[in-house]
Amino acid sequence: MAHAEVKRPWRLWLLLALTTALALACICIHRRDTTLTLTHYEVAAEVSAPLRIVHLSDLHSREYGQDNETLIAMVAEQNPDLIFLTGDMLNRKGTAEDIPPQCDLITRLAQIAPVYWADGNHEKIFLAATGVDLHRRLAQAGAVVLDSTWADVTVKGQALRIGGYYGYYGTPHMTLDDPAAITAEECFFAEFEDTERVKLLLCHIPTSWVDWGYINTRPVDLIFSGHYHGGQIRLPFIGGLYAPYVGFFPEYTRGVFAGEQGVCVLSAGMGSEPGIPRVNNPPEILVVDLIPK
């Protein structure tokens, strides 16, 4: 006697439930990786009173809210004393049309606190490709542009030297002992370091500081960096997947790293190059409170 096949509708319902759960998980992950967040750090420094710095990096021409309203509002809520922009705010393949939104952002940020800008590798490529007088326009918008230069300022009674340099801070074997061998860049390093003021350096690429260990050897108090995008894709229990110029599974991708001489504050950034997603890696605004040692 033939037996009729028993229908199992529960399999269909199970498949539907799993598909729905997967879709919701993807939506949640995407929302998390496209929603701007705040990350707070406290760093002990040779300051006489607390100072608050908002650190923005690696925006890559992205906007948060109409005309960056969300980004600006979040920065304003922190009531910073200084705002640092540490490079790759533009994309290397951008055009002159990308500059007005960036200038508008700086103008509005400058109404909150003094804004200091240093280039990243994308700005250097953008400048070479377009020939646009980017630094002049950024300065007109309200930023202090630091390109292998520095500014001596006093903030809340604290004497600071704020410098900007985008790339590798010398080489692992750099020496300043032979004057004939000193390059223009090395002159900047030597002159920037020659002060009793607290030295804050906007240096887009962190390789020299954390991977080469310059936070143990160079007399710079705090370095503000980006470039590594938090490892771009962050794996649970492992961390960042890849960092430019370092490779897979880099040791340093985001956070605060203290050495014998100074501290590197490494941002995971707020964007990435077009077509390269952030995964398990929310974009972040850094809020860094310098507190007296």
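Reader: What is the accessible surface of the chain, and how much belongs to carbon and sulfur atoms?

Author: In this predicted model, the accessible surface of the chain comes to about 14400 Å². Carbon and sulfur atoms hold 57% of that area. As for the interior, 48% of the 293 residues count as buried. The chain has 7 helices and 16 strands, and residues 24 or more positions apart account for 72% of its contacts with a separation of 6 or more.

Reader: Why is Ala-128 called exposed?

Author: Ala-128, placed in helix H4, has a relative accessibility of 70%. The cut-off for exposed is over 50%, so Ala-128 counts as exposed. The C-alpha atom of Ala-128 is separated by 9.4 Å from that of Arg-92, 36 residues apart along the chain.

Reader: Which residues of H4 are buried, and what covers them?

Author: Within helix H4 (residues 121-130), Asn-121, His-122, Glu-123 and Phe-126 are buried. Their cover includes H3, strand E4 (115-117) and H5. After H4 comes Gly-131, with a positive phi near 70°.

Reader: What makes Glu-69 and Arg-108 a salt bridge?

Author: The closest N and O atoms of Glu-69 and Arg-108 are 2.9 Å apart. The rule asks for a side-chain nitrogen of Lys or Arg within 4 Å of a carboxyl oxygen of Asp or Glu, so the pair qualifies as a salt bridge. Glu-69 belongs to helix H2 (residues 69-77) and Arg-108 to helix H3, so the pair ties together parts that are 39 residues apart in sequence.

Reader: How do you know whether these two residues, Glu-69 and Arg-108, are buried, exposed or partly exposed?

Author: Partly exposed lies between buried, under 20%, and exposed, over 50%. Glu-69 has a relative accessibility of 40% and therefore counts as partly exposed. With a relative accessible area of 22%, Arg-108 is also partly exposed.

Reader: What makes the pair of Glu-193 and Arg-218 a salt bridge, and where do the two residues lie?

Author: Their side chains meet at 3.1 Å, N to O, which is within 4 Å and therefore meets the rule. Glu-193 lies in helix H6 (residues 184-193), while Arg-218 lies in the loop between helix H7 (207-211) and strand E9 (222-225), so parts 25 residues apart in sequence are tied together. Both Glu-193 and Arg-218 are buried. Elsewhere, a network of salt bridges links Asp-119, Lys-124 and Asp-147.

Reader: How do the axes of H3 and H5 pass each other, and is the crossing left-handed or right-handed?

Author: The axes of H3 (residues 99-110) and H5 (residues 134-141) come within 8 Å and cross at roughly 35°. The crossing is right-handed.

Reader: Which residues of H3 and H5 meet, and how do they divide into nonpolar, polar and charged?

Author: Ile-99, Pro-100, Gln-102, Cys-103, Ile-106 and Thr-107 in H3 meet Leu-134, Arg-137, Leu-138 and Ala-141 in H5. The residues of this contact divide into 7 nonpolar, 2 polar and 1 charged. Arg counts as charged, so Arg-137 in H5 is the charged member.

Terms used. Residues are numbered from 1 along each chain as its sequence is written. This is a predicted model: local features need pLDDT of at least 70, side-chain atom pairs count only at pLDDT 80 or more; totals for chains, interfaces and linings use all residues. Side-chain values use heavy atoms; hydrogens and water are left out. Helices (H or I, at least four residues) and strands (E, at least two) are DSSP runs, numbered from the N terminus. Buried means under 20% relative accessible area, exposed over 50%, partly exposed in between (1.4 Å probe, protein chains only). Contact means heavy atoms within 4.5 Å. Accessible areas come from the Shrake-Rupley method with a 1.4 Å probe; for residues, only the protein chains shown count as cover. Axes are lines fitted to C-alpha atoms, for helices over the stretch in contact, and angles run from 0 to 180 degrees between N-to-C directions. A crossing is left-handed if the near helix is turned anticlockwise from the far one by less than a right angle, and right-handed if clockwise.
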